[in-house]
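Welcome! Open your viewer, and let's walk through some salt bridges together, one selection at a time.

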Amino acid sequence: MTKLGRLYSLFDSVTLPENLPYTQCSTWELQFLYLVGRHHLTGRDRIVELGSGGGGSTYALALGLSESPVFDAKSGRLHAYDFFRVGKGTFASEKFFDSGHKPEDDNSFLNDFKGRLEPFLPFLEIHAGDLWQTSDPDDTSPVEFLHIDIAKTARVFRCVSERFLSRMKVGTVVLHQDFAGPRLPWLHHSTGALLPYIEIAGPPIRSTLAFEVTKPIPADVLKRITEDDYTVDEKLALISAVQDKIDRDHTGGIPFKSVLELSKAYVAHYDGQHKRAWSIARPLVTDEYLSRTRADHFEQLKKAYEAEPKATAMTRLKKLVGKK
């Protein structure tokens with residue numbers, strides 16, 4: 001077990017403030033962020049949160065850092081990245097505003113965020129805007145910690161992998177907050193590609209998978225992840241490898257083997273292989289958890305399959321003749 005895995009035994013020791021900023025993270029995830037900051041991180045290398053949202057997760061991590069015996073608030077920095085505004089493509093909620101809704105004349109909740117994180121502003125560095133614009137392509141400094149709650153699209157994940165995952169070293173801790181999202185298969189097959197070089201801390205903490213880098217990661221592996229240089233079959237195999245490592249989350253509520261199987265369907269779906277995608281997804285329709293929480297996923301995959309032109313007997317005959 002890595003040092004990271006030992007934090008699971010400390011959940012009951014954590015009491016977070018009742019008035020934490022609004023967040024879409026669960027209490028367990030917030031407690032884990034606090035524990036990582038309090039007992040694991042040093043601040044000697046970059047501590048990064050991608051997707052800070054309303055600030056709840058940032059607050060929990062910053063609180064842990066502030067109570068750490070080794071983190072030096074004078075030299076250490078917590079880097080918080082987000083659009084810090086609501087609108088198309090931001091995946092932000094109006095609940096991130098102090099008022100609970102967006103003011104008529106402003107779609108930015110940056111000032112609200114700063115107000116909530118005021119106790120930690122001396123060591124908090126805020127990067128507001130599109131990640132492609134706010135991250136430095138020339139920064140190669142090592143990353144000690146990476147909380148990823150921003151990779152909702154393949155475009156953003158490319159930026160995450162190119163500018164942050166590429167800076168992992170032995171000892172780097174990564175938390176994938178959206179690991180229970182079947183529509184984000186890049187999180188799953190990239191983790192599969194990293195398995196020879198990482199150790200998963202333990203069962204996912206609700207929707208968050210935590211791992212620590214334990215061996216140097218070859219540059220060509222990171223390059224393939226960034227460039228999405230895998231066939232559909234290779235991606236499915238990589239996800240299967242992750243399925244062999246994890247089952248349910250630490251509360252027993254999320255069946256990750258089923259979630260990852262549905263993720264495979266999205267690998268095929270995004271590649272335009274809608275028949276294959278539905279053939280993977282259809283047996284999962286009776287899964288209790290997925291049928292209750294991912295009904296819209298099944299509807300999307302089935303609709304794409306049904307909209308796909310079907311080959312008629314004459315079309316198949318022409319194809320056979322054409323092969324001769």
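Which residue forms a salt bridge with Glu234? Select Glu234 and Arg224 to find out: these two form the salt bridge, and their closest N and O atoms are 3.3 Å apart. Keep in mind as you look that this is a predicted model. Glu234 sits in helix α8 (residues 232-243) and Arg224 in helix α7 (residues 219-226), so the pair links parts of the chain 10 residues apart.

Now select Asp139 and Arg167. This salt bridge has its closest N and O atoms 3.3 Å apart. Asp139 belongs to the loop between α4 and β4 (143-148), while Arg167 belongs to the loop between α5 and β5 (173-176), 28 residues apart. Both Asp139 and Arg167 are buried.

For the next stop, pick Asp130 and Arg155. Their side chains meet in a salt bridge of 3.2 Å, N to O. Asp130 is in the loop between β3 (124-128) and α4 (131-134), and Arg155 is in helix α5 (residues 154-163), so this contact ties together parts 25 residues apart in sequence. Asp130 is partly exposed at 22% relative accessible area, and Arg155 is partly exposed at 46%.

Finally, zoom out to the whole structure: a search finds 17 salt bridges in it, including the one between Asp130 and Arg155.

Technical notes
Residues are numbered from 1 along each chain as its sequence is written. This is a predicted model: local features need pLDDT of at least 70, side-chain atom pairs count only at pLDDT 80 or more; totals for chains, interfaces and linings use all residues. Side-chain values use heavy atoms; hydrogens and water are left out. A salt bridge is a side-chain nitrogen of Lys or Arg within 4 Å of a carboxyl oxygen of Asp or Glu. Helices (H or I, at least four residues) and strands (E, at least two) are DSSP runs, numbered from the N terminus. Buried means under 20% relative accessible area, exposed over 50%, partly exposed in between (1.4 Å probe, protein chains only).
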